[in-house]
Structure formats: C-alpha cells, structure tokens
Amino acid sequence: MKKAGLCLLLSLLLLLPGCAGRGPEEEHLIRVGFSQVGSESDWRIANTASMVAALSEANGYELLFDNAKQRQENQLLAIRNFIQQDVDYIVLAPITESGWDDVLQEAKNNHIPVIIVDRRIDVADESLYTSWVGSDFLAEGRRAVRWLEAQLEAQGRAEEKLRILHIQGTYGATAQLQRTRALTEALAAHPNWELVAQLPGEYTEAKSYELMREFLQSGQEIDVIYSENDNMSFGAVRALEEAGIPCGGEGEIMILSFDAVRRALELCRDGKLSLCVECNPLHGPRVASLLQELARGGAPAKLTFVDELAFDRAMLTDEIIRDREY
Ligand code: AHR
C-alpha cells in the first residue's frame, strides 16, 4: 500500500493527527493514548463519549483512541502502539483484571504514566499504574442485595424459597467479579435463596437475549433475575415478553439491573425492571483532572471511587429520568 494510503488507514484506526509530524500549534497538547474495552453496552458508549469530550483538543489534549472490541489482545496491541508513538500518558479501561504486568512494565520502562479507569487491574507491582478511578462494584452488588432483602421482608416473603437466575458480565472483569461476589455472599447468608443458573451474558443485549430464550425453554421457574448490566436486562425482558412471561409486577419476576442508564430507568418507571443500581460512566472529567494533576507534577490519589445510588419505581421521578446524562 502507498504511504499516503497507509497513513490514512492508520489515522482512521487510531484517530491519529496525521503522518506529517506535529505542527507548532499541537506541540503544547498533552498526548494521551486511550485503550477502551469496546462498545458492548449503553454504559460503554456513554463512557467513550465522556472521555472523548473531556480529552478534546479544545481542552488541551491530543487523543489517540482505540476500541478493543472486547478483546484483551487488541488492548495489548494498542498500548504497545501508544508506547511506540511516545505518548505522554496512557489511559486504560481494562477488559479483565489479569494479564497486564508485561505491557505496563514496558510503559514504565518508557517512562509513560498509566491511568486505569472503570475496572481494576491485578498486577504484582502496584507502581505499574499511577492512579485508578471508577466504581465500587462490590458496594453496587451489596446495594442490590440489601434492596432485595428489604423488599422480601416488606412482602412477608423473607423466609420463602427464592429462585434466582444470575446473568453475568464478561468473566474476569471487576464489574463481574465484585457484583457476583455480592450475590455469592447473599446466597451463603440466605439458605432459602437458590441459584437456579448462571448465564454468561458478556454485558451484551444480544447474548443475554439468546441465552434467556434458551433458558426459558428449559421450563425452570424463577423469582428473581440478578443481571450484571442494563443491556443484559434489556435482552432478558425482550425474551420474557416474547414468551408471554410478565416481570416487575406484584408476584412477578423481579429484575435487578446494574448501570441505571436512561433506558433502564424508563423500563423501571414502566414497571419492567424492579431495581436499577447506578454505575456512573462519566469518567472523562475525572481522568482529565488526574492528568492535569500529573502534568503539574502532582501525585494524585492512587484510588478514587465515585458516589452512586440505586433507583426503584417508587423513587423515580420524571425529572430524574429527564436529567439523566446517559
Ligand atoms: O465495567 C463497567 C461495566 O461494563 C458496566 O456495568 C457495563 O455496562 C459495561 O459494559
């Protein structure tokens, strides 16, 4: 391929500024390589939009963006590409917790600070990343469990048998590990709660819909669906509706969902989802302020957790839904 064609292709792939080198007006920009997990969910789309808006040229950044399409090997390639291009900082939204030691050691050897956003990483040497910002996924899971306990208590069903279907996100992702951990703790604390099945929904609506359809054909009965993100809940609701099985109402299947994107809040208001546990994707400004602090020579906090809520139908107002930013 001719050099101009190759240059155009690379620019499209990584949103590079071009092959002609940096002009004087770009010299002052902070160059950031951002490796994003993919575009698997409404949450992720909102997260990407927040990051791209915050790390804009108008805000003083030159952003090299890579969408890994839910594959860790793509993230490893993107990070090595950023290192080769000698970016000032790398921002990583990791798909899973493990597998980062070698590539982050390479970034460290090249003196490129790394910020982790959203999910956590599990590395032997904590100095391989500078800071992390994201959600407390275990607290989210426990929030869902506490709501369910209170609900059952209020309905006089606390001692009754409860059959739970668990739809899980990408295995090994912090959001999956910690939300699953909260449910596992609850199952151990409630001998009358039964885990009927676990389905690997991979955080996508399509996968959850397909698995839910199969599950419903088995004829097993359930009382609760604990679904580790909103898009998987959307898939489950669609499969249930097609099968003529009601959810959300008195005595019907309760769906506990994570993220609380606007579409989920609407379904909750309409009585289809019973609980929306918030997971805030608007990390762009948080990452930008960490980068600014680093650029000023400061030492930002190692870990920053964002505050989050949960909503059921009784709490939801039209204003909350209207003002939802994602
Ligand atoms: O890591 C955050 C999770 O990833 C969100 O709950 C989910 O929707 C996304 O894909």
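**Notes on helix packing and the ligand site**

1. Let's start with α3 and α4. Helix α3 (residues 72-84) and helix α4 (residues 101-109) have axes that come within 10 Å and cross at roughly 10 degrees. The two are therefore roughly parallel to each other, a label for angles under 35 degrees, with over 145 counting as roughly antiparallel, 65 to 115 as roughly perpendicular and the rest as oblique. Axes here are lines fitted to C-alpha atoms, for helices over the stretch in contact, and angles run from 0 to 180 degrees between N-to-C directions. Helices are DSSP runs (H or I, at least four residues), numbered from the N terminus.

2. On the α3 side, Leu76, Ile79, Arg80 and Ile83 make the contact, and α4 brings Asp102, Val103, Glu106 and Ala107; contact means heavy atoms within 4.5 Å. By class, the residues are five nonpolar, no polar and three charged. Ala, Val, Leu, Ile, Met, Phe, Trp, Tyr, Cys and Pro count as nonpolar, Asp, Glu, Lys and Arg as charged, and the others, Gly among them, as polar.

3. A word on the basis of all this. The model is predicted, with local features needing pLDDT of at least 70 and side-chain atom pairs counting only at pLDDT 80 or more, while totals for chains, interfaces and linings use all residues. Residues are numbered from 1 along each chain as its sequence is written, and side-chain values use heavy atoms, leaving out hydrogens and water.

4. Next, α2 (residues 42-54) and α10 (residues 284-295): their axes come within 7 Å and cross at roughly 40 degrees, which makes α2 oblique to α10. This crossing is right-handed, meaning that the near helix is turned clockwise from the far one by less than a right angle (anticlockwise for left-handed). Ser50, Met51 and Ala54 of α2 meet Gly284, Pro285, Val287 and Ala288 of α10. Five of these residues are nonpolar, two polar and none charged.

5. For α8 (residues 230-242) and α9 (residues 262-269), the axes come within 9 Å at a crossing of roughly 45 degrees, so α8 is oblique to α9. The crossing of α8 and α9 is left-handed. Asp230, Asn231 and Phe234 in α8 meet Arg263, Ala264 and Leu267 in α9, a contact with three nonpolar, one polar and two charged residues.

6. Finally, do look at the ligand. Residues around the ligand (a heavy atom within 4 Å) include Glu40, Trp43, Asp118, Tyr203 and Asp259.
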